[in-house]
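Colleague: I am new to this structure and would like to learn how to read it piece by piece. Could you take me through it slowly?

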Amino acid sequence: MTDRRAAMGMFAALAYALMAATATAAEVAFLGATVIDGTGRTPIANAQVVVSGERIVTVGPRPRQPPPSVRAIDVTGKWIIPGMIDAHVHFFQSGGLYARPDIIDLRARRPYAEETADVRARIGETLARYLASGITAVVDVGGPMWNFAVREQARRTPTAPRIAVAGPLLATFAPPQLTGDDPPIVRIRTADEARAEVRRQLALGPDLIKIWFVFPGPDIEPEMGWVRAAIKEAHAGGARVVAHATQRRVARAVVTAGIDILAHGIDDGPIDAGLLALIKAKGVIYTTTLGVHGGYARVFGRVVKLNAIERRLGDPRAIASFADLARVSRRPTPPPFDPVAGSNLGRVRAHGVVVAAGSDAGNIGTLHGPALHRELALMVEGGGLTPLEALIAATRGGAAVMGRSTELGTLEPGKLADMVILDGDPLADIRNTRRIFRVVKGGVILDPSEIISAVSVP
Ligand SMILES: [Zn+2]
């Protein structure tokens, strides 16, 4: 893209955002839609949502006359849901074929430093893909220290979602292929190392500290020593802790140790009643990432079939990279699909555990933005959740992961006016979350196609 085109694109985005911002300076009433407020209560047909500035004033049935000072927007025949929240992504990964040289090493074709520099340079575009996908907030659960700069960039960008971030993963293993000046994963061996790394991140105000407990040996106690130290240090510094712990015995250990959020479902067998009770009693949030294995499997199996929202809003460079696999002689093995993750989601749900929806976008085949919609469908079809339960996980559940339940996640008076206006009923078919008419972030009304055309690279 030329500089001139880039400048014109940015100008269009700004002009649009300013226009929308001006329009919402006074009170605005969205009239006539069916509102699914994310609290779990019955949808309100023919509703009125009044927004003043960036906040919601009222949500209820449409009165005969809207208040006279209010600008009325007729959205009859539409559905309004809270802005969706993807509770598990990684900005440092592109979603394309070169995102994970530790899983498929193509550094001879594309050096990893080149890949990550490109990802970093195009982060504004990635952020826009989220917002255009109806995702008004995103949680990056671990990456390089530049994640904190991304959070700052998002705060001053009208075409970006709200963002919560963790810094580098404190890990039981650091893939050598991912090392560099600002590594996303740091191997920790002692309690002192754990405390030092947590303090390094606390200096930048992380929303979360991430523990990556992978490849557990028969005795996990030696690693648990530093894990406990990291949790204590994080909590003392005001940050909550999210853990990758996908085996039952590891999950049991880290939940007992005091983590706040499980970053993935558990997939090594059915979760027993004891572990379920423990997760529930500790108030730990259970994040689903049912779709991420399928992304790898489709790309590696060369059976990528994009759905409509992926074609429309997915990163075209990441998508184009999938075809490069045909030129690679070595056949990589897809990571194993976890057949029990879906049934465990049903168990967790039945036990009343708080569930959040995460796509793990950025991994190979899992596209920033559209991926959450695939996840939602899997939660319903693979996890047995109702569309409403899946929707609540992707709104209220995500707000809980962000630690921002008082201002995000549901449509209630006083909360930030983050909403998606849909052309189809998501409770009739969860795939209707993809039929996005408008995205509203902090009261600013945005057209998804405008968001994308303003920032995307041809
Ligand atoms: Zn992840």
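**Strands, helices and domains**

Modeller: Let us begin with a pair of strands: strand E6 and strand E17 (residues 419–422) run antiparallel and are joined by 4 bridges. The names follow the DSSP runs, numbered from the N terminus, where a helix is a run of H or I of at least four residues and a strand a run of E of at least two. Two strands count as paired if DSSP finds at least two bridges between them. In this pair, Pro82 stands opposite Met419 of E17.

As a caution, this is a predicted model, in which local features need pLDDT of at least 70 and side-chain atom pairs count only at pLDDT 80 or more, while totals for chains, interfaces and linings use all residues. Residues are numbered from 1 along each chain as its sequence is written.

Colleague: Which strands form the open sheet of 4 strands?

Modeller: That sheet has the order E4-E3-E1-E5, and its pairing is mixed. Its edges are strand E4 (55–61) and strand E5 (71–74), each of which pairs on one side only. On average, neighbouring strands of this sheet are turned by 20 degrees against each other, direction ignored. Within the sheet, strand E3 (residues 47–52) runs antiparallel to E4, and 6 bridges join the two; Val51, for instance, has Ile56 in E4 as its bridge partner.

Colleague: How should I read the packing of two helices, and at what angle do H13 and H14 pack?

Modeller: Axes are lines fitted to C-alpha atoms, for helices over the stretch in contact, and angles between N-to-C directions run from 0 to 180 degrees. Angles under 35 degrees count as roughly parallel, over 145 as roughly antiparallel, 65 to 115 as roughly perpendicular, and the rest as oblique. Helix H13 (residues 371–381) and helix H14 (residues 387–402) pack at about 140 degrees, with their axes 9 Å apart, and are therefore oblique to each other. Leu372, Leu376, Met379 and Val380 in H13 meet Pro387, Ala390, Ala393 and Ala394 in H14, where contact means that C-beta atoms, placed from the backbone, lie within 7 Å.

Colleague: How do H3 and H15 lie to each other, and which residues make their contact?

Modeller: Helix H3 (residues 123–132) and H15 pack at an angle of about 170 degrees, with their axes 9 Å apart; the two are therefore roughly antiparallel to each other. Gly124, Glu125, Ala128, Leu131 and Ala132 of H3 make the contact with Pro448, Ile451, Ile452 and Val455 of H15.

Colleague: Finally, into which domains is the protein chain divided, and how many residues of each are in contact?

Modeller: Domain bounds come from an automatic or database domain assignment, and here they give domain 1 (3–82 + 411–455) and domain 2 (84–402). The C-alpha centres of the two domains lie 28 Å apart, and 25 residues of domain 1 are in contact with 24 residues of domain 2. Among the elements that give two or more residues to the side of domain 1 touching domain 2 are helix H1 (3–23) and helix H15 (448–455), and H15 provides the largest share, 5 residues.

Notes. Two residues are in contact if their C-beta atoms, placed from the backbone, lie within 7 Å.
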